[in-house]
Amino acid sequence: MENKIYRVGMADAKVTQSPGILTTIGLGSCVGIVLYDPITKVSGLVHIMLPYSNKMSDNSNKLKFADTGIQILIEEMVKIGANPKRLISKIAGGAQMFSSKINSDIMNIGERNAIATKEVLGKLGIPIVAEDIGGNYGRTIEFYSEDGRLLVKTIGYGIKYI
Amino acid sequence: MRDVDINRLNEMYLDILKELGNIGAGNAITALSTMIGKKVNMQVPKVKILDFQEVSDIFGSADTIIVGIYFDLDGDVKGNILFALDIKSAASLIWSLMGLEVKEEFDELEKSALEEIGNIMAGSYVASLSTLTSLNMKISPPAISIDMAGAILSVPAIKYGEISDKILFIETQFIEGEKLIKGDFFLIPDINSFDLILKALGVEVNGK
């Protein structure tokens, strides 16, 4: 199988088997959540925008939210051979793109997205083995299902594997 | 509280938003022209409604580096404003305003000049909306970010995400001297404020 690259947009998710590559470009306050079954190497990536679906009047797009997005991602991964009990996760994003002078009454959405993501993964018993969260800059991520590495690229804040 | 669904907005509503965009952007460009002391020609602004998936690509690609200048909106109407520019346009503005050639990166002085340009444009934009609707609106000091388009545009996308799967913005293009400057205004009223603006303009939504 060739190293196919699957691009994941906002409120979007993709799954693949090894050696597929999952990427999402320009994560800001959104969170990119990678789930991975290390045995079958079935991998999934969801790009969520908001914390919880039940707090919103319009929750028709399930991939927009941390809770329903992760749920759907697991279902799709199981269909192509993942064992939900073996899943581990890597997460990135949750930045506050505009900070300092602005005194917004709502808590920073990036932080809320990151907290909700951790709560949802925690309830499902999925360990977070690596994370790159927060800050005030964007991130592009690439996940290599072949070996489980997650590449995080930024503008001015370096490039690293987590 | 009624829910406003921008997926279902009718033609009339779009026409009104287009007109608001026209007047708002017209005022913003006039303010800019005064600021730089040069004539600026504006093309008719375009109201665009896109899916989330498409929005990060409006500057070519989600990893294109752009400039975003962001404001909180307060008063009768609450929400946010984002003015987004490509790097070339931002450098052209700096050149027009300060006669400075931007090197590889924007320095602090150039960033604060961009904030000020955004401030004046967003301020006059909001002032014209305020006059039209008789609603009180004021903007916070500006905050700037120079980063990937996807990351910057996720901010308005998330705000819109609370009410819809679409995002609405106003694309403006203007010409200063020989230079074409392209900028996009995202006006993001909070859910309740959306309704308030429409009521102030005498528009009923959701067929009621």
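Select chain A: its secondary structure comes to two helices and 10 strands (helices are DSSP runs of H or I with at least four residues, strands runs of E with at least two, both numbered from the N terminus). The model is predicted, so local features need pLDDT of at least 70 and side-chain atom pairs count only at pLDDT 80 or more, while totals for chains, interfaces and linings use all residues. Residues are numbered from 1 along each chain as its sequence is written, and chains are lettered from A and ligands numbered from 1 in the order in which they are written.

Color chain A by secondary structure and follow the chain from its N terminus: the elements run β-β-β-β-β-α-β-α-β-β-β-β. The radius of gyration of chain A is 15 Å, close to the 15 Å from the globule rule for 162 residues, so the chain is as compact as a globular protein of that length. This radius is taken over C-alpha atoms, and the rule is 2.2 Å times the number of residues to the power 0.38. Along the principal axes, the C-alpha atoms of chain A fill a box of roughly 50 × 35 × 25 Å.

Next, select Ala11(A), in the loop between β1 (5-7) and β2 of chain A. Its phi is near 50°, a positive value in a residue other than glycine. Is Ala11(A) buried or exposed? Ala11(A) is buried, with 24 other C-beta atoms within 10 Å (buried means 20 or more such atoms within 10 Å, exposed 12 or fewer, partly exposed in between, with C-beta atoms placed from the backbone).

Move on to Pro19(A), in the loop between β2 (12-16) and β3 (21-27) of chain A. The peptide bond from Ser18(A) to Pro19(A) is cis, with omega near 5°.

Then go to Lys41(A), in the loop between β4 (31-36) and β5 (43-48) of chain A. Lys41(A) has a positive phi, near 60°, and is a residue other than glycine. Lys41(A) is partly exposed, with 19 other C-beta atoms within 10 Å.

Finally, turn to chain B and select helix α3 (residues 87-98) and helix α4 (residues 108-133). Their axes come within 10 Å and cross at roughly 90° (axes are lines fitted to C-alpha atoms over the stretch in contact, and angles run from 0 to 180 degrees between N-to-C directions). That makes α3(B) roughly perpendicular to α4(B), a label for angles of 65 to 115 degrees. Show side chains where the helices meet: among them are Leu93(B) and Leu97(B) in α3(B), and Glu110(B) and Leu114(B) in α4(B) (contact means C-beta atoms, placed from the backbone, within 7 Å).

Technical notes:
Angles under 35 degrees count as roughly parallel, over 145 as roughly antiparallel, 65 to 115 as roughly perpendicular and the rest as oblique. Two residues are in contact if their C-beta atoms, placed from the backbone, lie within 7 Å.
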